[in-house]
Amino acid sequence: MQVQKKWLVVWFIVMLGIMAGCSSSESGTESTSKKEGKWAGQTLTVHLIGDFSMEDATDPITGKTNEGLNSIKQEFEKQHPGATVEFILMPWEGYTEKTQAMITSNEADVYQMPGLADFAAQGVLEPLQSYIEEDPEFSLDVFIENQVSGWKVLGPDSDELSIYGLPLIGDARFINYDKKLFDQWGVEYLSDNPTMEEIARKAKQMTGTNPVTGEENYGIWFRGDWSSAFTLVNLAEGQNGRWGTGFAWDEIQFEYNSPEMVNGLEWLLEMQEYAPDGLISNQGAERWLTDRNNIAIMLNQGPGDLILPVYAQGLEDRIGIAQEFNNDDGIGGMFAGSPVAMAKESDNKELAWEWIKFSVSEDFQRYLFEEANAMPVIKAAEDWESYKEVEKMMNPTIEAMRTPWTPRYPWASSQPRFILTSEIEAALAGKRSAKEALDKAQEESKAWLDNR
Amino acid sequence: MAKDKVSMNHSMSSSVHVQSLKAKKKNNRWIWYVFLLPSFLGILLFMVYPIVESFRLSFYQSNGTIENFIGLKNFQQVLTSTSFWNSVWNTFYIAFFQIIITIPLGFIFASLINSVKFGQNLLKTVYFLPHVTSIVAAAMIFQFVLHPDLGVANYALEALGLPASSWFSDPATSKWGVILLAIWHWIGFVIIICLANLQAISPEMYEASRIDGANKFQQWLFITLPNMSGTFAFLLITGWIGGLQRFNEVYVLGGPSGSPARSIQTMGAFIYERGFTGFEFGIASAATYIMFIIILVFTFINLKVSKMKL
């Protein structure tokens, strides 16, 4: 009996070991290090966020088979004999806290890092300026204009913006419109750089019963919740205003209740009359990007959810792109995307730099564009065949990527953003006037800064 | 002499046997602790350690890596924050209406199911289904059900000649959207618990009361209700604890800020917003402890009011 129990305990421990041993550390990549080549024995762990997979997978929208990251792994390892690359892939859901946990426990060497400013300030990232300067093969000229400066951030002790990450995946904000509805209403298409007045006039014209189909149409839609702060700040930029000044928290001065911001919010309140119900809760635009669309103009749109569905549904001749509101210098709109950064605690910094260079090379950028539905960040993309096939959508996207407000809004994922968003929602819901809402947002944001 | 020796040997061997049995029993007792060890380690690592660490963090200004000791400033900031008290109000408002509607309604449904002769199991399954549905999936479906233009709810309201609502697009109605979802999700559980209690009440009590001349209402008032008091107390306490911890559905419906205009931001969502979207881990930890104290005090009051013994 005693012997049986001892065996039971041994069996239990063995099973625990087996379970732990059999559980995959990540996407099933090999972990044995290679013994020959310049990079022999070095294993690089790369963190990526989004719909990446190691194996080939079928895209649910287009039905096309997309190449998995295994091909990229092979290519990098071929170019760097002896090196082994492992990937840690994660979804966008909760990426901030997951990245924080990873970087705290030194899980990866290279990170895809949209929250670059927060992490650089923590002192957990390696400054890249010296790597750039010392590498004769590498030049920042390969990037689309403004992409590098958009990702400049402050380090833990510095008071000057510097490079802690290089652009990896591009993003942009622009205005979309449905040419078919414009035609049906007999309204001229939006100009490439429309003004607030032009948008308001055309939205008003196209709200009501469609003269051709007899269906109810709405002139405009914008998201009234999550991204409304960025929509409003862009409206202020279009009037030569701004969100405020500074980058480090102790230098930031908000201008949330400036005349341009108040005017912008009043404009949004007016536009709400030409929009379907539900925009405060991200509702009302369910038919957008379908052939039954009933909305003429969409503010603050991005390429990620646009280009693939448009081409998959044959809507490329129907959907137009105009630039967001720009100031007199031609600048405006939120800077967005994902940079690639190196962990300060990485044991393989030289190889990590090699990966960073590889990730902004034509090989990897083309892979991101063609296989992972991500926007490229390098100028060379404009010469690719795959780019030319969709250039009707891509040209204005790249144009928008050239002219955003840089550096990235430092408050974009902090409390002042949520304060501003909540007050915009309060104004849209009729709880407060535009002026009252923005005065409150200014006061609360300032109090938050003072208490930091 | 030889007989004595044999007897002594026998007694010694039986004493050894008893000792070995005792040792076995003792070993038997210990072996179960080995089996408990993995889950105990899990509790230490994933519950005790975070609780202690969160308490420590509540005295620091922390962005996850860089920390400065600031004493009670985080507690002061949370307690003077209007958005925190707004989230407390939202949490209590939603929980109060969820509980005050669901428990009586669930009890009525349970009584009706208890009184039918056929199809009881089918009805129990149907009513319990929402409770086993993921609240995240249910919240996403409710966004469509309560859609201002395309939603079934507004369609039904208009068909009855009632005005349609903006539901999640209006701070005045968004909380009621969450309350409806919470009722729909919890009522199956309330029905099953009430039903179990109803079926445990002795039929002899009803029979005796009938002989004494009690009518159906008197039976319900003087037999059913007093026998249900323990169940109601249990539902009240678990309902409040669950209601005060509400996070998943409001996160899906209104994001961490509880859109629109923080109207559905609960205490849990406030903590998430400050901790995981704003990197203010000290503030989030302090808010967590304040939330813990609020739940503790409120549960204590509930226990006293409902006279439930722990």
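## A helix wrapped by its surroundings

How many of the eleven residues of helix H9 (residues 228–238) of chain A are buried? In this predicted model, the number is ten, so helix H9 of chain A is largely enclosed by the rest of the structure. The buried set runs through Ser228(A), Ala229(A), Phe230(A), Thr231(A), Leu232(A), Val233(A), Asn234(A), Leu235(A), Ala236(A) and Glu237(A).

What do these buried residues pack against? Their neighbours in chain A are helix H8 (196–205), helix H10 (259–271), strand E14 (295–301), helix H16 (415–428) and helix H17 (434–451). Just after H9(A) comes Asn240(A), which has a positive phi of about 65°.

## A buried tryptophan

Let us turn to Trp411(A), which sits in the loop between helix H15 (391–402) and H16 of chain A. With a relative accessible area of 0%, Trp411(A) is buried. Among the residues it touches are Ala229(A), Phe230(A) and Val233(A), which also belong to the buried residues of H9(A).

Other contacts of Trp411(A) include Trp249(A), Phe254(A), Tyr256(A) and Trp243(A). Trp411(A) and Trp243(A) are 168 residues apart in sequence, while their C-alpha atoms are 9.8 Å apart in space.

## A five-stranded sheet

Chain A has an open sheet of five strands, arranged in the order E10-E11-E14-E9-E15 with mixed pairing. Strand E10 (208–209) and strand E15 (319–323) of chain A are at the edges; each has a single partner strand, so one side of each has no neighbour in the sheet.

Strand E11 (residues 216–221) of chain A runs parallel to E14(A), and three bridges join them. Here Tyr218(A) stands opposite Ile295(A) of E14(A). E14(A) is also one of the elements that the buried residues of H9(A) pack against.

## Where chain A meets chain B

The two chains bury about 3,300 Å² between them, with 53% of it on carbon and sulfur atoms. Gln122(A), Gln283(A) and Gln415(A) supply 15% of the area that chain A buries against chain B, more than any other three residues. In terms of contacts, 40 residues of chain A meet 39 residues of chain B.

How many salt bridges are there between chain A and chain B? The count is zero, but twelve residue pairs are in polar contact across the interface. On the side of chain A that touches chain B, helix H1 (2–22), helix H3 (95–104), helix H4 (116–121), H16 and H17 of chain A each give two or more residues. H16(A) makes the largest share, with six residues. By type, the residues on this side of chain A are 15 nonpolar, 14 polar and eleven charged.

## Salt bridges within the chains

Over all chains, the whole structure holds 28 salt bridges. One of them joins Arg242(A) and Glu255(A), at 3.1 Å from N to O. This pair links distant parts of the chain: Arg242(A) is in the loop between H9 and strand E12 (244–245) of chain A, and Glu255(A) is in the loop between strand E13 (253–254) and H10 of chain A. Arg242(A) is partly exposed, at 35% relative accessibility, and Glu255(A) is partly exposed at 23%.

Glu53(B) and Arg56(B) form a salt bridge whose closest N and O atoms are 2.8 Å apart. Both lie in helix H1 (residues 2–57) of chain B, three residues or about one turn apart. Back in chain A, a network of salt bridges links Asp135(A), Glu137(A), Glu354(A) and Lys357(A).

Key:
Residues numbered from 1 in each chain as written. Chains lettered and ligands numbered in written order. Predicted model: local features only at pLDDT ≥ 70, side-chain atom pairs only at ≥ 80, totals over all residues. Heavy atoms only, no water. Buried < 20%, exposed > 50% of the residue type's maximum accessible area, 1.4 Å probe, protein only. Helix = DSSP H or I, 4+ residues; strand = E, 2+ residues; numbered from the N terminus. Contact = heavy atoms within 4.5 Å. Buried area = accessible area lost by both parts, 1.4 Å probe. Salt bridge = Lys/Arg side-chain N within 4 Å of Asp/Glu carboxyl O. Polar contact = N/O pair within 3.5 Å; in protein donor to acceptor, adjacent residues only side chain to side chain. Nonpolar A, V, L, I, M, F, W, Y, C, P; charged D, E, K, R; others polar. Pairing = 2+ DSSP bridges. Lists of a residue's contacts leave out its neighbours within four places in sequence.
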